[in-house]
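Me: I am new to this structure. Could you show me how to read its features, one at a time?

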Amino acid sequence: PLLIAAVGLGSMPLECAAFIVSAASAVLALPLMFALSGLAGLPARVRLLVTGLFGLNSSTLIYAASANSEMTFTLVALAAASAILVARSGVTRSHLMWSIAAGLLFGLSYWIRYAGLFWVVGVAVILVGDLLRRERHAIASSTLSLSAAFVVISAGMLRNIAIVGDWRGGNEKAMLNPIQSIVSKTLWAMIELFMGSPSFSNTWTRTARLALILFIGAAVLWAARVRARRQSVAKKRHWVSEALNRRSPSLDILALAFGYSACMFYAARTTVITYDARMFVPVLPILLILAASAWYQLVAAFAGTPRWLSVAGVLALTIYVSLNLFAFLATDMHGAADTVREALSTRGKSIESARDVVRQLAGEDRVIVATNGQPIGYWLGNPTISLVPAHFGRSVWDENSVRGEMDRYSATTLVIAVPGQRFPDNEDIVPSAFIRRLAEGYPPDWLREVYRSPDIAIFQRTGG
């Protein structure tokens with residue numbers, strides 16, 4: 001928010017400032033992606049390839065073209081990962097300064113999204129590997145990064161405690177979602193992350209996804225089989241231990257990705273986050289680099305790559321780019337917001353729109369209470385208390401709790417999204433039986449209906 005506010009100084013709308021921040025972050029992430037892949041040991045042509053794959057990914061394009069924090073979060077994570085690899089490449093004082101810079105950047109990522117804490121767990125995984133290998137400089141480097149990140153993140157947690165009384169920022173609802181459901185969602189998230197959203201599916205996209213999966217599987221099996229034939233028995237026996245005992249940039253960023261992903265899996269298991277491909281966008285660059293590094297290591301020792309494999313590789317890249325561009329072009333990034341805007345602009349039984357009525361009742365700065373409160377509050381411009389559904393919070397929006405919330409914030413206007421024409425009939429729109437009665441036109445004595453359209457009902461708090 002501070003970055004958006006800084007860009008939006010003057011007369012620029014904050015929406016434009018937020019878009020500029022997202023787009024600029026995506027553009028700046030590309031040279032960082034190229035640099036990180038170089039630090040991971042990839043040759044120039046492969047670095048260009050993985051950078052292009054990241055830039056043409058549907059998630060990268062979607063979040064670069066929208067006002068979200070994903071690209072800024074990804075940019076800072078890439079900068080932090082690059083800094084930590086630089087820090088671990090030498091033993092001078094400047095390398096130790098890079099360790100501190102990496103920790104500060106990981107800590108900064110927490111201020112953009114709370115998931116920045118997960119990167120720090122990845123640094124802790126790196127430290128565990130350093131301790132097992134007993135590398136003094138690497139241990140010092142990881143410890144400095146963790147310490148710097150701890151200082152920055154602690155400041156954010158103390159802020160949360162001061163504001164809401166909880167270090168997590170108020171997200172206190174405990175969950176225990178089934179592991180099989182989380183595993184399934186993780187697999188679908190990976191499919192969406194690399195091949196576009198399955199929600200935009202037809203015969204061509206389903207066939208293309210299947211072909212890409214089969215090709216990748218066949219290519220990996222072929223390369224592994226050929227490499228295994230060329231290795232000696234001794235090398236096969238000690239391959240794992242040698243890989244773990246030898247520090248490498250690929251293992252370092254693998255540790256970062258593992259720490260982040262494991263924490264995200266745990267969060268999906270125990271909290272109310274919306275768990276989908278969006279959660280893994282920041283780790284996408286590392287996954288692409290690791291995949292390219294693994295493939296390069298498999299084929300680097302061969303005298304030449306078979307022609308059929310080269311042709312299949314070009315075909316796979318074509319499918320990847322086509323799927324991701326199709327997913328990006330098919331994404332309606334403004335549909336849900338436009339639905340709410342149109343609902344608030346629709347005329348009700350009178351000649352006034354819902355927006356006009358709220359202006360008369362609450363002006364431009366008085367607090368209102370609303371269901372579907374995030375988009376409704378945005379389009380109306382009023383401070384808004386949102387009656388979130390039960391799966392996102394612990395409140396049960398019965399008559400007493402709604403009345404108490406309106407009294408608490410001195411709100412006299414209640415805006416209800418009515419399911420039917422524009423809004424679906426689900427818990428997000430109708431979070432309780434009491435809200436359903438209001439949507440159907442049966443308010444209690446202390447609320448008076450002042451406006452109704454097929455999509456919006458507005459009630460005014462009376463003196464009772």
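Reply: Start with strand pairing. Two strands pair if DSSP finds at least two bridges between them. Keep in mind that this is a predicted model.

Me: How many bridges join β4 to β5, and which way do the two strands run?

Reply: Five bridges join them, and β4 and β5 run antiparallel. The two strands form a hairpin, with three residues between them.

Me: Which residue is the bridge partner of Leu-414 in β5?

Reply: Phe-459 is the partner of Leu-414. That pair belongs to β3 and β5, which are antiparallel and joined by five bridges.

Me: Is β5 mostly covered or mostly open?

Reply: Mostly covered. Five of the six residues of β5 are buried. Buried here means under 20% relative accessible area.

Me: Let me step back. How many helices and strands does the chain have?

Reply: The chain has 19 helices and five strands. It holds 464 residues, and 42% of them count as buried. Contacts across the sequence are worth a look too. Among contacts with a separation of 6 or more, 69% link residues 24 or more positions apart.

Me: How do I read one side of a helix?

Reply: An α-helix has 3.6 residues a turn, so residues three or four places apart point the same way. Now try helix α18, residues 399-408. Its buried residues are Val-402, Glu-405 and Met-406. They lie on the same side of α18, because they cover an arc of only 100 degrees around the axis.

Me: Which residues are exposed on the other side of α18?

Reply: Asn-400 and Arg-408 are exposed there.

Me: What do the buried residues of α18 pack against?

Reply: They pack against β1, β2 (384-386), β3 (413-417), α19 (433-439), β4 (447-452) and β5 (456-461).

Me: How should I read a positive phi?

Reply: Most residues other than glycine have a negative phi, and most peptide bonds are trans. Here, Ser-410 follows α18 and has a positive phi, near 55 degrees. Asn-372 is not a glycine, yet its phi is positive, about 50 degrees. Asn-372 sits in the loop between β1 (368-370) and α17 (373-380). Arg-134 is not a glycine either, and its phi is about 60 degrees, again positive.

Me: Where is Arg-134 found, and is it buried or exposed?

Reply: Arg-134 lies in the loop between α7 (116-133) and α8 (136-164). Its relative accessible area is 73%, so Arg-134 is exposed.

Me: Now a covered residue. Why does Val-358 count as buried?

Reply: Val-358 counts as buried because its relative accessible area is 0%. Its place is in helix α16, residues 354-362. Leaving out residues up to four places away in sequence, Val-358 touches Gly-363, Ile-368, Leu-380, Asn-382, Val-415 and Ile-458.

Me: How far apart are Val-358 and Phe-459 in sequence and in space?

Reply: They are 101 residues apart in sequence. Their C-alpha atoms are 9.7 Å apart in space.

Me: Why does Ser-250 count as buried?

Reply: Its relative accessible area is 18%, so Ser-250 falls under the 20% cut-off and counts as buried. Ser-250 is in helix α12, residues 249-270. Beyond residues up to four places away in sequence, Ser-250 touches Ala-40, Leu-290 and Ser-293.

Me: Which residues have the most contacts inside the largest nonpolar core?

Reply: Phe-106, Trp-119 and Leu-256 do, in a core of 67 residues. Helix α5 (residues 70-87) gives this core its largest share, 10 residues. A second, separate core has 38 residues, including Ala-362, Ala-417, Val-418 and Ile-456.

Me: What is Trp-119 in contact with?

Reply: Setting aside neighbours within four places in sequence, the contacts of Trp-119 include Phe-73, Ala-77, Phe-106, Leu-256, Tyr-260 and Pro-282.

Me: Last feature. What volume does the largest cavity have, and which residues line it?

Reply: Its volume is about 30 Å³. The lining residues are Glu-70, Arg-113, Ala-115, Tyr-260, Met-264, Arg-278, Met-279 and Pro-282. Tyr-260 and Pro-282 are also in contact with Trp-119.

How values were computed:
Residues numbered from 1 in each chain as written. Predicted model: local features only at pLDDT ≥ 70, side-chain atom pairs only at ≥ 80, totals over all residues. Heavy atoms only, no water. Core = buried A, V, L, I, M, F, W, Y, C linked by side-chain atoms within 4.5 Å. Buried < 20%, exposed > 50% of the residue type's maximum accessible area, 1.4 Å probe, protein only. Helix = DSSP H or I, 4+ residues; strand = E, 2+ residues; numbered from the N terminus. Contact = heavy atoms within 4.5 Å. Arc of directions from axis to C-beta. 1 Å grid on protein atoms, 1.4 Å probe; cavity = no way out; pocket = protein on both sides within 12 Å on 5 of 7 lines; lining within 4 Å. Points joined across faces, edges and corners; volume = space filled by probe spheres on them.
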